[in-house]
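Subject: Handover of a structure and findings

Dear colleague,

Please find below the structure that I am handing over to you. A summary of the findings follows it.

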Amino acid sequence: MNVSDSERVATLLVADGFEITRNESAADVVLLNTCSVREKAEHKLFTRVGQINKSAADRTEKKPVLGILGCVAQLEGETLFGKSPAIDFVLGTKAVGRVSQAIDNAFAGEKYYTDLGERDEIYDWTVAEAQRNSPYIAFVPIIEGCNKFCTYCIVPFSRGREKSLPASEIVRHLLKLRGEGVKEVHLIGQNVNSYRPKTDDGLEAFRGATQFSRLLRAVAATGIERIKFTTSFPRDFHPDIVEAINEHENLCNWVHLPVQSGSNRILKLMRRGHTIENYLERIDKIKNSPRCISLTTDIIVGFPGETEGDFQATLDLAEYCKFNFAYYFKYSPRPGTPAFEMSDNVSSEEKTERFLRLDKLIRSHQQPVFRNYLNKTVDVLAEKVSEKNPNQISGHTTCQMVVNFEGAADLLGKIIKVKILESKANTLYGKIS
Ligand code: SF4
């Protein structure tokens, strides 16, 4: 979501006559788009502000305008100026569409401008992606915000309530992207399968148990070569989503379904709204698909009150699911969330010890998955020249595995058949088949 927001901001600025530079010392304006899901991300902000401030002090010309965007900006607002007077303006998550105005105000000499206001009512698709990081991959927001209020999470406070974008506009946008040569679209949102637009406009012709599964069928009909979606919320993950994937080759073989814990007691404390039993029903549906869908998840280790028995239940769940990949984190309290008031009573040592046990287990599941690819031929979207080896191209499979292979830049943007010959850490290596 943050990558998408940054692309949107860059596009807006170019449309307003700014030029984008990656050379910080040449910039008249430096914007930092922030995340507050993890504590470390906030610390990074102040480290970066310090670095920018230090290099600005060496400049002979005027120092750059420094703006803070994103979740930390939304949550901390004007208090950021107290923490670092070098910051010129603060723009909340819903105000990114007004970035040019904030810069103009700073240029006009207004100090400490703050906009934490609401989104503009009309989502402007024309500025959605002209400054994409990749010409072949586009992130398309379909729902913004979150209504779930999991007790550990700051997102409903930083991103506001759920707001689904109209299906007819999403479909129209995908058709435009296809015409521009985009090969892969990621439908994004905090919880994509909670997608509930106000009307069925654009979904009339498509069957489906939920508006999200109807949207999947509608976007599949655009003919764009690959469609991925993230993140899914277990409670709203209707089995019909798997049916839609089974029916449409261009809906990719990948579902990211964050479980967070294997213990019902902890899930209740987290206020996740799902139980392990109904999570596993969804997993079975995914695993029984003829499409061989790759399954990934998020897990928090050491949530307040987590006992050894609760953690063992997480290990049991991971053993059953055999995730292809997982993001797992040691719990850290986020100010402003209900869990912040709970006693963080799992010691740092216990968190580390449990984290390492989970890491070992998940890695042991990944090795056979990687080995299983050896000598098989997969379709890879050639996305970029490898940063480590200019003779190699890097891309992803439909199930989101990273693949590197020997090739030249004229392959970029094409879907290439690659025979896998080797696997290392989290990357597969092969040759054009
Ligand atoms: S579903 Fe829960 S974890 Fe996900 S963004 Fe919403 S509150 Fe946060």
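What radius of gyration would a compact globule with 433 residues have, and what does the chain have? A compact globule with 433 residues would have a radius of gyration near 22 Å, and the chain has 22 Å, which agrees. The radius of gyration is taken over C-alpha atoms, and the globule rule is 2.2 Å times the number of residues to the power 0.38.

Please note that this is a predicted model, in which local features need pLDDT of at least 70 and side-chain atom pairs count only at pLDDT 80 or more, while totals for chains, interfaces and linings use all residues. Residues are numbered from 1 along each chain as its sequence is written, and side-chain values use heavy atoms, with hydrogens and water left out.

The chain as a whole

Taken along the principal axes, the C-alpha atoms of the chain fill a box of roughly 60 × 55 × 50 Å. The chain holds 13 helices and 17 strands; helices (H or I, at least four residues) and strands (E, at least two) are DSSP runs, numbered from the N terminus. Of the 433 residues, 53% count as buried. Buried means under 20% relative accessible area, exposed over 50%, and partly exposed in between, with a 1.4 Å probe and protein chains only. Among contacts (heavy atoms within 4.5 Å) between residues at least 6 apart in sequence, 70% join residues at least 24 apart.

The ligand

Around the ligand lie Cys146, Lys148, Phe149, Cys150, Tyr152, Cys153, Val155, Pro156, Gln190, Asn191, Phe233 and Arg272. A residue is near a molecule if one of its heavy atoms lies within 4 Å of it. This shell divides into eight nonpolar, two polar and two charged residues. Ala, Val, Leu, Ile, Met, Phe, Trp, Tyr, Cys and Pro count as nonpolar, Asp, Glu, Lys and Arg as charged, and the others, Gly among them, as polar.

Between Arg272 and Glu350 there are 78 residues of separation in sequence and 23 Å in space, C-alpha to C-alpha. Glu350 belongs to helix H13 (residues 348-373), and its relative accessibility of 33% makes it partly exposed.

Helix H1

Helix H1 (residues 2-15) has 14 residues, which at 1.5 Å a residue should span 20 Å; its end C-alpha atoms are 20 Å apart, which agrees. The expected span of a helix is 1.5 Å times one less than its number of residues. Ser4, Asp5, Glu7, Arg8, Val9, Ala10, Thr11, Leu12 and Leu13 are buried in H1. Their cover includes strand S1 (29-34), strand S2 (65-70), helix H5 (99-107), strand S5 (137-141), helix H6 (155-159) and strand S8 (184-188). Gly17, with a positive phi near 95°, follows H1.

His274 lies in the loop between H10 and H11 and is buried, with a relative accessible area of 4%. Leaving aside residues up to four places away in sequence, His274 touches Pro234, Arg235, Pro258, Val259, Leu267 and Tyr279. His274 and Arg235 are 39 residues apart in sequence and 5.4 Å apart in space, C-alpha to C-alpha.

Backbone exceptions

Most residues other than glycine have a negative phi, and most peptide bonds are trans. The peptide bond from Thr230 to Thr231 is cis, with omega near 5°, and Thr231 sits in the loop between strand S9 (226-230) and H9. Gln400, which is not a glycine, has a positive phi near 70°. Gln400 lies in the loop between strand S14 (392-396) and strand S15 (402-406) and is partly exposed, at 23% relative accessibility. Ala425 has a positive phi of about 35° and is found in the loop between strand S16 (415-424) and strand S17 (427-432). At 73% relative accessibility, Ala425 counts as exposed.

Yours sincerely
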